[in-house]
Every structure is written in structure tokens, then in C-alpha cells.
Amino acid sequence: MVRVLLTDIAGADTPTASPALVHDLLWAHAAPADGLEHLRIRRLAHGLDVVLFLAARTDEAALRSAGALLDRARIPLSRHGCAGGLAR
């Protein structure tokens, strides 16, 4: 399980994406090697709280997979007013 915080981009042309849209974007950019099994998203005051459930042998492997997925989804997410990264 890896927690990701997606925050609103100040001055973005569009408001922060809905949880449903972010859910779809992450699934669309997930690769089989990421081991994504499930994700949960909830709205926060200034963005979205995302929890990725990943099949991984170690915590480090889960963090690498989550980072790779976020890297692939970064541009589409930013187009919808979201920026962020792994919560530590």
C-alpha cells in the first residue's frame, strides 16, 4: 500500500480532477509490472488522497512501482489540475 497526495495546481486552467477521473487515468497508465491491484481516492480540502494497493515483494519495490506509475500519469494529471507525489 502506497499513499499519494495529489494537490491542486495553483492557477490551473481547470479545477482539480474528480476522484473518478483520477481513478481512470491511473488505471489507463498502469503497466502489468506495476502490480496495481486496487486504488482508493478521496477528496481533500486542497486535492486528492490516493492509496495504491500494489502487489510487490518489498516496500521498496512498491514505492518504485508507484513512482513509475505516477511518472507515466504526471502529464495527464497536470492537465486536469493535479500535481503531487508519494507521501512519506
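**First stop: a buried aspartate**

Select Asp34. Its relative accessible area is 4%, so Asp34 is buried. This is a predicted model. Asp34 is found in the loop between α1 and β2.

Now show what surrounds the residue. Setting aside neighbours within four places in sequence, Asp34 is in contact with His29, Leu54, Ala55, Ser65, Ala68, Leu69 and Arg72.

Which residue forms a salt bridge with Asp34? Select Arg72: the closest N and O atoms of this pair are 2.1 Å apart. The pair links distant parts of the chain, with Arg72 in helix α2 and Asp34 in the loop between α1 and β2, 38 residues apart. Arg72 has a relative accessible area of 35%, so Arg72 is partly exposed.

Ser65 is found in helix α2. Is Ser65 buried or exposed? Its relative accessibility is 13%, so Ser65 counts as buried. Not counting residues up to four places away in sequence, Ser65 touches Ala33, Asp34 and Leu54.

**Zoom out: the whole chain**

Switch to cartoon. The protein chain has 2 helices and 4 strands. Read along the sequence, they follow the pattern β-α-β-β-α-β.

Color by burial next. Of the 88 residues in the protein chain, 35% are buried.

**Helix α1, seen end-on**

Select residues 19–29, which form helix α1. Val22, Leu25 and Leu26 are buried here. Look down the axis: the buried residues of α1 fall within an arc of 95°, so they line one face of the helix.

Which exposed residues does the face turned away from the buried side carry? They are Ala20 and Ala28.

**Into the nonpolar core**

The largest nonpolar core has 21 residues. Those with the most contacts inside it are Leu6, Val22, Leu26, Val50, Leu52 and Leu77. Select these six names and center the view on them.

Which elements give two or more residues to this core? They are β1 (2–8), α1, β2 (36–44), β3 (47–54) and α2 (59–79). The largest share comes from α2, with 6 residues.

Two of the names were already met on α1: Val22 and Leu26 are buried in that helix, and both are listed among the core residues with the most contacts.

**The β2–β3 hairpin**

Select β2 and β3 together. A hairpin joins β2 to β3 through 2 residues. The two strands pair in the antiparallel sense over 8 bridges.

Pick out Arg40. Opposite Arg40 stands Val51 in β3.

Begin with Asp49. At 1% relative accessibility, Asp49 counts as buried. Arg3 forms a salt bridge with Asp49, and the closest N and O atoms are 2.6 Å apart. This pair links distant parts of the chain: Arg3 lies in strand β1 and Asp49 in strand β3, 46 residues apart. Arg3 has a relative accessibility of 40%, so Arg3 counts as partly exposed.

Move on to Arg42. The side chains of Arg42 and Asp49 meet in a salt bridge, at 3.2 Å from N to O. With a relative accessible area of 43%, Arg42 is partly exposed.

How many salt bridges does the model contain? The count comes to 5. Among them are Arg72 with Asp34, Arg3 with Asp49 and Arg42 with Asp49.

Notes:
Residues numbered from 1 in each chain as written. Predicted model: local features only at pLDDT ≥ 70, side-chain atom pairs only at ≥ 80, totals over all residues. Heavy atoms only, no water. Buried < 20%, exposed > 50% of the residue type's maximum accessible area, 1.4 Å probe, protein only. Arc of directions from axis to C-beta. Core = buried A, V, L, I, M, F, W, Y, C linked by side-chain atoms within 4.5 Å. Salt bridge = Lys/Arg side-chain N within 4 Å of Asp/Glu carboxyl O. Contact = heavy atoms within 4.5 Å. Pairing = 2+ DSSP bridges.
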